[in-house]
Amino acid sequence: MEDAIDMLSELHLNAGNINDTALFKSEVLKRESEMSTAILKDTALPHAKSSAVIRPAIAKITLKAPVLWNNSEVKTVYLLASPDDSSHIKMLSALADSLQDGDNNI
């Protein structure tokens with residue numbers, strides 16, 4: 001799980017979405033410890049509001065083999081980066097709607 005969050009945090013950093021991977025990752029892991037973000041049968045949506053976020057964005061990876069995500073196995077991980085505002089709710093809602101409609105190519 002942490003390796004996937006590391007990879008996605010680096011993608012966010014390289015894209016200019018965040019400015020501090022350590023802070024962002026610690027806030028994502030803190031949020032994950034409160035409640036698992038594993039959804040559906042093989043997907044996780046980790047997220048956190050963070051002051052390290054420059055602009056709201058979503059990064060996605062599809063893993064070759066499933067990883068244990070709390071008590072679930074996941075292959076697709078979307079990491080949402082949100083500043084300290086309401087943008088995370090809009091992103092989560094739009095992403096969840098798309099996934100429920102069967103669109104895993106976001």
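Student: Why is asparagine 70 called partly exposed?

Tutor: In this predicted model, asparagine 70 has a relative accessible area of 35%. Buried means under 20% and exposed means over 50%, so a value of 35% places asparagine 70 in between, as partly exposed.

Student: Where is asparagine 70, and what is its phi?

Tutor: Asparagine 70 sits in the loop between β4 and β5. Its phi is near 60°, a positive value in a residue other than glycine. Most residues other than glycine have a negative phi.

Student: What makes methionine 35 an exposed residue?

Tutor: The relative accessible area of methionine 35 is 54%. The label "exposed" requires a value over 50%, and therefore methionine 35 receives it. Methionine 35 belongs to the loop between α2 and β1 (38-39). From methionine 35 to proline 46 there are eleven residues in sequence, and their C-alpha atoms are 9.9 Å apart in space.

Student: How do you know that serine 9 is buried?

Tutor: Serine 9, a residue of helix α1, has 2% relative accessibility. Because buried means under 20%, serine 9 counts as buried. Leaving aside residues up to four places away in sequence, serine 9 touches Ile18, Thr21, Phe24, Lys25 and Leu79.

Student: Why is histidine 12 called buried?

Tutor: Histidine 12 also lies in helix α1. Its relative accessible area is 1%; the limit for a buried residue is under 20%, so histidine 12 is buried. With residues up to four places away in sequence not counted, the residues that histidine 12 touches include Asn17, Ile18, Phe24, Leu79 and Ala81. Among them are also Ala57, Ile58 and Ala59.

Student: How do you know that the radius of gyration of the protein agrees with that of a compact globule?

Tutor: For 106 residues, a compact globule would have a radius of gyration near 13 Å. The protein has 13 Å, and therefore the value agrees with the rule. Along the principal axes, the C-alpha atoms fill a box of roughly 30 × 25 × 25 Å. Buried residues account for 39% of the 106 residues.

Student: Which secondary structure elements does the protein contain, and how do they run?

Tutor: There are three helices and five strands. Starting at the N terminus, the elements run α-α-β-β-β-β-β-α. Of the contacts between residues at least 6 apart in sequence, 62% join residues at least 24 apart.

Student: Which residues does valine 77 touch?

Tutor: Residues up to four places away in sequence are again not counted. The contacts of valine 77 include Ala4, Leu8, Ala44 and Pro46. Also among them are Ala59, Lys60, Ile61, Leu63 and Trp69.

Student: What is the make-up of the accessible surface, and how many charged side chains are there?

Tutor: The accessible surface comes to about 5800 Å², and carbon and sulfur atoms hold 51% of that. The protein carries 10 positive and 15 negative side chains, with the centres of the two sets 3 Å apart.

Technical notes. Residues numbered from 1 in each chain as written. Predicted model: local features only at pLDDT ≥ 70, side-chain atom pairs only at ≥ 80, totals over all residues. Heavy atoms only, no water. Helix = DSSP H or I, 4+ residues; strand = E, 2+ residues; numbered from the N terminus. Rg over C-alpha atoms; globule rule 2.2 N^0.38 Å. Buried < 20%, exposed > 50% of the residue type's maximum accessible area, 1.4 Å probe, protein only. Contact = heavy atoms within 4.5 Å. Areas by Shrake-Rupley, 256 points an atom, 1.4 Å probe, with all protein chains shown as cover. Lys, Arg positive; Asp, Glu negative; His and termini not counted. Charge placed at Lys NZ, Arg CZ, Asp CG, Glu CD.
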